[in-house]
Amino acid sequence: MKLIIAEKPSLARNIVAGIKGDMKKENGFFIGSEYIVSWAFGHLFSLADIESYSSRPKESRGWTLDNLPCFPEEFKFELRKADGKHTVDAGVARQFKILETLCNRPDVDTIVNAGDADREGEIIVRLCVSNALKSDKRQMRLWLPDQTPETVSRALSEMKDESEYDNLASEGFARTYIDWLYGVNLTRYATIRCGKLLRVGRVIVPIVRAIYDRDLEIRNFKPEKYYVISSSAKTGGEKIELTGKKRFDSTAIEDARDLAELYNNTGATVTSVESKKDAILPGKLYSLSTLQNVLGKKYKMSMAESLKIIQKLYEDGYLTYPRTNSEYLATAEKDKIRKILSNVAGIGYPVRFKDSKYIFDDSKIESHSALTPTYKIPNAEKLSEKEKQVYSTVLRRFVAVFCSEECLAEKSEIKIKVGELEEFSLKGTVILTPGWTKYDDYSGKDKVLPKLSVGDSVNVSFAPQEKTTTPPKHYTIETLNKYLKNPFKDDKAKAKELAESGEVDDAEEYRAIFEGLELGTEATRTGIIDNAKKSGYIDLKKDVYTILPDGEYLIESLEKLSIAMDKYKTSELGKALKKVYRGEITIDDSVRICESEIAEIFKSGGVDPLPKSDSADTGEYGEILGVCPVCGKNVVRGRMNYGCMGYGSGCEFKVGITICKKTIPKTEVMRMLATGATAKMRGFISRNGKTFDARLVIKDGAAVFDFSK
């Protein structure tokens, strides 16, 4: 008998659907003649807190510098606790007991890991088995690129020994240990030093930092005037616009006039006219982040919302595994793709199989191929409106890539030279047959060039044209995702030029991913960005990210504490994880790198954070801010609250230093104690994640929100 342990109940049900033969439902599992199928609830186990490693747990329960930094000799896992409590979640304990019983049944000779097909899913089930199993049994791996019954049935006959995934598990454990070391040690350290909860993590900090840096760049931007020389004279009745490459600062207008006069006196001549018919290729198949980019831009879906919908469509068997970083398919999947194409053609789309390196490329796949529809096509009436938007986006791109109708265009280029001073290039495109553009989004527009021939003289009237520099734009879902996938891609001009010419070589991007240079992964980025939002560090409106006051306070405080959790540090750790995956270093090696970095932070110490502006100034411990409105004693700044010194005598008046994820500055508390109300403050975040503005007023001896204008 084989015991299959799925990562979640939904996956267990889909595995049961792919097993031939009757499966009976029992309490916490399904059973048949050959298989037992049970499940976890995602993570049943988590790493223990610092207190579990202390020889004096009672004295160490509070957050203190005395037990920091904590570098465990051996990491301890324990059953996951209920949210906000110190006791094990009852449902978790109950399900683990079921798994423990099933693992040790005498008739079970093989245990199958059916975690999600990634490093996280790999260790989720391994932890369950290692803690439950009391004797040696054969262990196998069920690897599912999608959750359709056909794929499950085929995968059951192709299972490999679990040991073949040991490197993936090692990477997963290394990632878990490193994130614990950074998160637990530095979150406690920064919080104790600042007197305010600061969430410090290997990936969350550089994400917040990127948005912080961009917003400060925008805030401090000062527009500057400059000049270029341009001409828009007509030749043969058609306007020909030419703009010189040289820029002149605001004081050099005379130099611009001199150059314009030189160009006009020299004259312009057509030196080359080329025209050819060419195919315009569709966009590549989607990775998770490129799909989220499109959904964010087109439908204003947050990454958390889109991932939830994509995950559901995957669990329902309509999409392939979503947490993929590739836009390519594996060569081994060609037969599967042929079947999907047959079904897609059956609902009226003009598709055919294409065996192209643009589509199939094993060198650009790490674990999972691009997101595609499966052969199982949903009934549109059974999908919600947003599910339709997500599914149709994936389907239309799949149709575009395999469309049997080419998109043909006439591409033209005219080169015009002003003597030997400068050469100008005019490019035009006219769509001849729309092809795949009828089924997928296409932003290109026809651009018809003037009718010119080699040797023609072109009329010019160059003159200085005043322009103004523009600030950078706020990060959007799309631009932040692109930055996080390759934060060191700095040759933007060349990338733009290649993109416009349709000659993009994405080898560099995939090399960055495979080396671990990206910030976060497809599997983790969405959750980390959502955590940054819930922590009040960043805001997302429509598809635009901005920094919030608490995000500024986080970054500026970490700077003062010499905690450099920047993209360089994070990518170095990412590279270490990839080395673990490739077997080049051990888990312990990666942990030692992390511990060395943390030890250096504690050694350097930094300075006590002093807020840069009053917006985050919460005062010094014990600082008197005013008189208590309840008992008349002094109100002072404590560790987590502004509170009355009469607390020990029964007065309970206090104001949180952080309320609804916003830091309340001491000046506003002083204003409220003196006048009864603060000024209106922005940046509060409600439980459902929405930002709001409000005053705090004293009412019935307590500080409460006031929303009046």
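Ala-268 stands opposite Val-458 of strand 18. Ala-268 belongs to strand 15, residues 268-279, which is joined to strand 18 by two bridges. These two strands run antiparallel. Here strands are DSSP runs of E with at least two residues, and helices are DSSP runs of H or I with at least four residues, each numbered from the N terminus. Two strands pair if DSSP finds at least two bridges between them.

This is a predicted model, in which local features need pLDDT of at least 70 and side-chain atom pairs count only at pLDDT 80 or more, while totals for chains, interfaces and linings use all residues. Residues are numbered from 1 along each chain as its sequence is written, and side-chain values use heavy atoms, with hydrogens and water left out.

## The whole protein

The protein has 19 helices and 30 strands. Its C-alpha trace spans about 90 × 75 × 50 Å along the principal axes. Of its 709 residues, 50% are buried. Buried means under 20% relative accessible area, exposed means over 50%, and partly exposed lies in between (1.4 Å probe, protein chains only).

The protein exposes about 34200 Å², an area from the Shrake-Rupley method with a 1.4 Å probe. Carbon and sulfur atoms supply 49% of that area.

The side chains include 111 positive and 106 negative ones. Lys and Arg count as positive, Asp and Glu as negative, and His and the chain ends are not counted. The centres of the two sets lie 4 Å apart, with each charge placed at NZ of Lys, CZ of Arg, CG of Asp or CD of Glu.

Another open sheet has seven strands, in the order 2-3-4-1-7-8-9. Its pairing is mixed. Strand 2 (24-26) and strand 9 (160-161) stand at the edges. Each has a single partner strand, so one side of each lacks a neighbour in the sheet.

Start at strand 2. Three bridges join strand 2 to strand 3, and the two run antiparallel. Lys-24 stands opposite Ile-31 in strand 3. Strand 3 (residues 29-31) pairs in turn with strand 4, antiparallel, over three bridges. There Ile-31 has Ile-36 as its bridge partner. Strands 3 and 4 form a hairpin with three residues between them. Strand 4 also pairs with strand 1 (residues 2-6), this time in the parallel sense, over five bridges. Lys-2 stands opposite Tyr-35 in that pair.

How many residues of strand 4 are buried? Five of the five, residues 35-39, so strand 4 is largely enclosed by the rest of the structure. In a regular strand the side chains alternate between the two faces of the sheet. Tyr-35, Val-37 and Trp-39 point one way, while Ile-36 and Ser-38 point the other way.

Gln-95 sits in helix 2, residues 90-103. Its relative accessibility is 5%, so Gln-95 counts as buried.

## Cysteines

A disulfide is a covalent bond between the sulfur atoms of two cysteines. The rule used here asks for a pair of cysteine sulfur atoms within 2.5 Å. The count comes to zero.

Cys-70 is buried at 9% relative accessible area. For Cys-403, the closest cysteine sulfur is in Cys-407, at 9.3 Å, again too far for a bond. Cys-403 is buried too, at 1%.

## A hairpin near the end of the numbering

Strand 29 (residues 691-699) and strand 30 (residues 702-706) run antiparallel, joined by five bridges. Val-697 has Val-704 as its bridge partner in strand 30. The two strands form a hairpin with two residues between them. In the turn, Asp-700 has a positive phi of about 55 degrees.
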